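Please read the notes below with the model open beside you, and follow each point in turn. They are written as one colleague might write them for another who is new to the subject.

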Amino acid sequence: MAAIELYSASDLPRLAQSVKRVVHGGGIVTLPTETYYGLAVDPFNEQAVDRLLKLKGREEGKPILVLIGRRAQLPMLVRGISPVAEFLIDRFWPGPLTILFEAQPSLPPNLTAGTGTVGVRLSSCGPLTDLLAITGPLTGTSANRAGGPPVQEATYVQKALGSDVDLIIDAGPTPGGPPSTVVDARGAVRLIRDGAVTRQMLQNVLQTRGISLT
């Protein structure tokens, strides 16, 4: 059964080192996000990503998104940032908008599902971004098995996945609600998954620059 550690800002350096120790060893950590709890592994570790995919029971061909703790970490993951992606970042980060970019070749193919792209988000969850600012980027897929409901409380994660994860950081109940919205901003802006940032919200912002949403 995975240990649960309570998040405290005053204990941040120690908690971040605990998370780094687990993920650098190929382990899985459960972290809070602005919607639900998520499963975090080192996105550059192919074996760790494979373990995550097996835990999730996820179908092949579905990439895993990555969370960052500050914008300066983005170049570690992506090959370039288009002007429209910069615009969306300025307007919606931190927040529940995942943006697709061309992936750095250092990211393993099981993370990108062979697409050559990676979805990245800077969350608005303070405890999460504080941790990631120290640990570096980590995956952020929801803490549930494929087909199961997402989880808002750390104790439920422990009951459902406790034997398959290595550490759970408990920052209290998460807000829940719709998942993050996913957009592809490499060329024409495409809505891949509707979510917490609605289509109308995106259209309203993009129209200020004369940009269409497809």
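1. In which loop is P94 found? P94 is found in the loop between α3 (83-92) and β5, where helices (H or I, at least four residues) and strands (E, at least two) are DSSP runs, numbered from the N terminus. The peptide bond that leads from W93 to P94 is cis, with omega near -5 degrees.

2. Before going further, please note that this is a predicted model, in which local features need pLDDT of at least 70 and side-chain atom pairs count only at pLDDT 80 or more, while totals for chains, interfaces and linings use all residues. Residues are numbered from 1 along each chain as its sequence is written, and side-chain values use heavy atoms, with hydrogens and water left out.

3. A113 sits in the loop between α4 (109-112) and β6. As background, most residues other than glycine have a negative phi, and most peptide bonds are trans.

4. An open sheet is formed by 5 strands in the order β1-β9-β2-β3-β8, with mixed pairing; two strands pair if DSSP finds at least two bridges between them. Its edge strands, each pairing on one side only, are β1 (3-6) and β8 (141-142). Within the sheet, β2 (residues 29-32) and β3 (residues 37-40) pair in the antiparallel sense over 4 bridges, and T30 has L39 in β3 as its bridge partner.

5. The structure holds 11 salt bridges, a salt bridge being a side-chain nitrogen of Lys or Arg within 4 Å of a carboxyl oxygen of Asp or Glu. One of them joins the side chains of D166 and R51 (2.9 Å, N to O). Because D166 lies in the loop between α6 (154-161) and β9 whereas R51 belongs to helix α2 (residues 46-56), the pair ties together parts that are 115 residues apart in sequence.

6. The lining of the largest pocket consists of 30 residues, and R58, L65, T141, S142 and R193 lie nearest the pocket's centre. On a 1 Å grid over the protein atoms alone, a pocket is an open set of points where a 1.4 Å probe fits, with protein on both sides within 12 Å along at least five of seven lines, and lining residues have an atom within 4 Å of a point. The largest share of this lining, 3 residues, comes from β6.
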